[in-house]
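Let's walk through this model together, starting with a helix and what covers it, then moving on to a metal site and some ring pairs. Keep the viewer open as you read.

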Amino acid sequence: MKFELPKLPYSYDALEPHIDAKTMEIHHTKHHQAYVNGLNAALDNPLLQATGTLEEILADISAVPENIRGAVNFHGGGHDNHSIFWNNMSPAGGGKPGGAIGDAIDKAFGGFDQFKERFTKGSMGIQGSGWGWLVLSPKTGMIDFVTMPNQTSPRTAGLVPLLGLDMWEHAFYILRQNRKNEYVDAWWNVVNWDDVESRLRSV
Ligand code: MN
């Protein structure tokens, strides 16, 4: 099993002016690539059996041998999180979702504005590096907002990631420096609700 860096579904400058091309290029070719490399290195062991897709491995992280579990959690989570993140954004994104995701947001948060405030405040409140996530709990059928530390995937908590916001400094520092709030505000303009909708429907 060898993981590879996925291609972006758009060019590095496609999300300008909201997310700058330099940030996108370094984030994709350096940071995401490093998670792919770290995951492949952790799994490069002839004693390991191939155990399914990355999603399945993360969802059953306690089954990963203890000596590589931390590395798989970090690099595997990093690979999966970023693969979702790129597709969660689009130059044609932004606005307010309709469809099943719009209905689910109204039901869970009382409306889109309340959801947006909860997601923004929760993501801004992360101490250190981590991600803000809109997730689905397959057990309850409800969506919710959670934060996850570092690169730990929501899948490790039995949740299905629908929409993720990378709150690591590497996601915004070139353009925004310490102005994290500007990054979050700008990101809402590129959220690809069609992708979020299809993730919700595929569970
Ligand atoms: Mn990142």
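Contact here means heavy atoms within 4.5 Å, and helices (H or I, at least four residues) and strands (E, at least two) are DSSP runs numbered from the N terminus. This is a predicted model, where local features need pLDDT of at least 70, side-chain atom pairs count only at pLDDT 80 or more, and totals for chains, interfaces and linings use all residues. Residues are numbered from 1 along each chain as its sequence is written, and side-chain values use heavy atoms, with hydrogens and water left out.

Begin with helix α7, residues 180–187, where Y183, V184, A186 and W187 are buried. Buried means under 20% relative accessible area, exposed over 50%, and partly exposed in between, with a 1.4 Å probe and protein chains only. These four residues cover an arc of only 165 degrees around the axis, so they sit on the same side of α7; the arc is that of the directions from the helix axis to the C-beta atoms. The cover over the buried residues of α7 includes α3, α5 (112–124), β3 and α6.

The manganese ion has H27 (NE2), H82 (NE2), D166 (OD) and H170 (NE2) as protein donors, lying 1.9 to 2.1 Å from it. Donors are N, O and S atoms within 2.8 Å of the metal (3.2 Å for Na, K and Ca); water is not among the atoms, so sites may look incomplete. Along the sequence, the donor residues follow the spacing H-x54-H-x83-D-x3-H. H82 lies in helix α3 (residues 66–87) and H170 in the loop between β3 (160–166) and α6 (173–176), so this pair ties together parts that are 88 residues apart in sequence. H82 is buried, at a relative accessible area of 0%, and H170 also counts as buried, at 16%.

Now turn to α5 and its neighbour. How are the axes of α4 and α5 arranged? Helix α4 (residues 99–109) packs against α5 at an angle of about 75 degrees, with the axes 8 Å apart. In this contact, I105, D106 and F109 in α4 meet F112, Q114, F115 and R118 in α5.

Finally, look at the rings: the structure holds 18 aromatic pairs. Rings of Phe, Tyr and Trp (its six-membered ring) pair if their centres lie within 6.5 Å; planes under 30 degrees apart count as stacked, over 60 as edge-to-face and the rest as tilted. F109 and F115 have ring centres 5.0 Å apart and planes at 55 degrees, so the pair is tilted. Ring pairs link F109, F112, F115, F119, F145, W187, W188 and W193 into a cluster.

Note on methods. Axes fitted to C-alpha atoms, helices over the stretch in contact; angles between N-to-C directions.
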